[in-house]
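I open this notebook to record what I looked up in the structure below. The entries follow the order in which I worked.

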Amino acid sequence: MFNGLVKKVIKPNGAKPTEFENKVGTELFNLEMSATEIKSELRDLYITGAQEVSVGPASADKKAIIIMVPFKLLKQFHKIQIRLVRELEKKFSGSHVVIIAQRKILGQSYTRR
């Protein structure tokens, strides 16, 4: 199981994932093993980061989970987004789940092809 978890959280520049990112990666791995409807789509997908943020007034104590994925994989995540978000919201009860692309801004001197 640990080998699959390593493949689900790949940080830029080889940085180590945080404890929360490992938790999200574990849930993605578990979904890949159990959810038959999204199993094949989840096989090649991974995340680059995850954060838990509070939303709304401080008294509401609501949480949202932001999952960052590489820009190149965003379309593949969008194909299964409805089912994936539903399953992750069940796992992290009381939290909203948002999937965003992590982009890299290149300088003007970078040659684009």
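The model is predicted, with local features needing pLDDT of at least 70 and side-chain atom pairs pLDDT 80 or more, while totals for chains, interfaces and linings use all residues. Residues are numbered from 1 along each chain as its sequence is written, and side-chain values use heavy atoms, without hydrogens and water.

I found 1 aromatic pair in the structure (ring centres within 6.5 Å, using the six-membered ring for Trp; planes under 30 degrees apart are stacked, over 60 edge-to-face, the rest tilted). Phe 20 belongs to helix 2 and Phe 92 to the loop between helix 5 and strand 3, so the pair ties together parts 72 residues apart in sequence. Helices (H or I, at least four residues) and strands (E, at least two) are DSSP runs numbered from the N terminus.

I next listed the buried residues of helix 5: Leu 84, Val 85, Glu 87 and Leu 88. They fall within an arc of 165° seen down the axis, so they line one face of the helix (the arc is taken from the directions from the axis to the C-beta atoms). The face turned away from this buried side carries exposed Ile 82 and Lys 90.

How values were computed
Buried means under 20% relative accessible area, exposed over 50%, partly exposed in between (1.4 Å probe, protein chains only).
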